[in-house]
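The model comes first, then the details.

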Amino acid sequence: MFSPHLDRWSLISDGEPIITHSSRLLPVRWQGRPAMLKVAADIDERYGALLMQWWDGDGAAYVYAHEGDAVLLERATGKRSLLAMAMNGEDDEASRILCRTAARLHAPREKPLPDPIPLTRWFRDLEPAAGKHGGTLTDCSAIANTLLADQREVTILHGERGFDFANIFANEELPTITDPARFRRQLAIVSAEAKLEPKRLLQWIAAYSGLSAAWFLGDPNIQQAETALTVARIALAELES
């Protein structure tokens, strides 16, 4: 799958492939620079390549080349890791960095926008999953439907600005995401840094965590689905408090 692009852009393989449900990635070197070759496997990833070009390296990796399903991206080589920061006493600063990056991505540009993928498309799997599994997913789906019917501060990345901060609370690689005390501390930090109403952010966290659980249940990956549902339950409990 990579060979045509390696030849076309004179790339040298520089690592092992990374395979996800939506794309195929290969670390490469291009004109002596570290880069990442990404080949989209679905329509959402193809749109993502157009969006990366629109950002033009401001807050996002720079696009060196793009053709069809393939995009050649700038590759990060620094030693700092937000996940490592979050796991080693710098959780709050990692969240602030994510918020500042999102602000750069949300900033208006003078050039025309690519047509965005609506949030209703992103959430299309939640309601059927709620109908099948019930429980917490039903509550998450109801909140998602309310939010989607009344979107505010619509921005380019995913739709409503608040949605883009919800997944800060949902990184399954971070063991502390299911700690209610950590959740409340991060809620205060993110809502202040991003200038978001805490209640609205909690609603998006519940909706997004439910969606994440629906995706994991579809795989199926029961353990990660339960982690996402635990985050959703924390958000729902905070909404009720």
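## Helix α2

α2 is followed by Asp-56, whose phi is positive, near 55°. Helices are DSSP runs of H or I with at least four residues, strands are runs of E with at least two, and both are numbered from the N terminus. The model is predicted, so local features need pLDDT of at least 70 and side-chain atom pairs count only at pLDDT 80 or more, while totals for chains, interfaces and linings use all residues. Residues are numbered from 1 along each chain as its sequence is written, and side-chain values use heavy atoms, without hydrogens and water.

α2 covers residues 43-55, 13 residues in total, and reaches 19 Å from first to last C-alpha, close to the expected 18 Å (1.5 Å times one less than the number of residues).

## Helix α7

α7 (residues 136-148) reaches 18 Å between its first and last C-alpha, close to the expected 18 Å. Its buried residues include Cys-140, Ile-143 and Leu-147. Because the buried residues fall within an arc of 165° seen down the axis, they line one face of α7 (the arc is taken over directions from the helix axis to the C-beta atoms). The cover includes α5, α6, α10 and α11.

## Gln-203

Gln-203 lies in helix α10 (residues 198-218) and is buried, at 18% relative accessible area. Beyond neighbours within four places in sequence, Gln-203 is in contact (heavy atoms within 4.5 Å) with Ile-143, Leu-147 and Leu-239.

Key: Buried means under 20% relative accessible area, exposed over 50%, partly exposed in between (1.4 Å probe, protein chains only).
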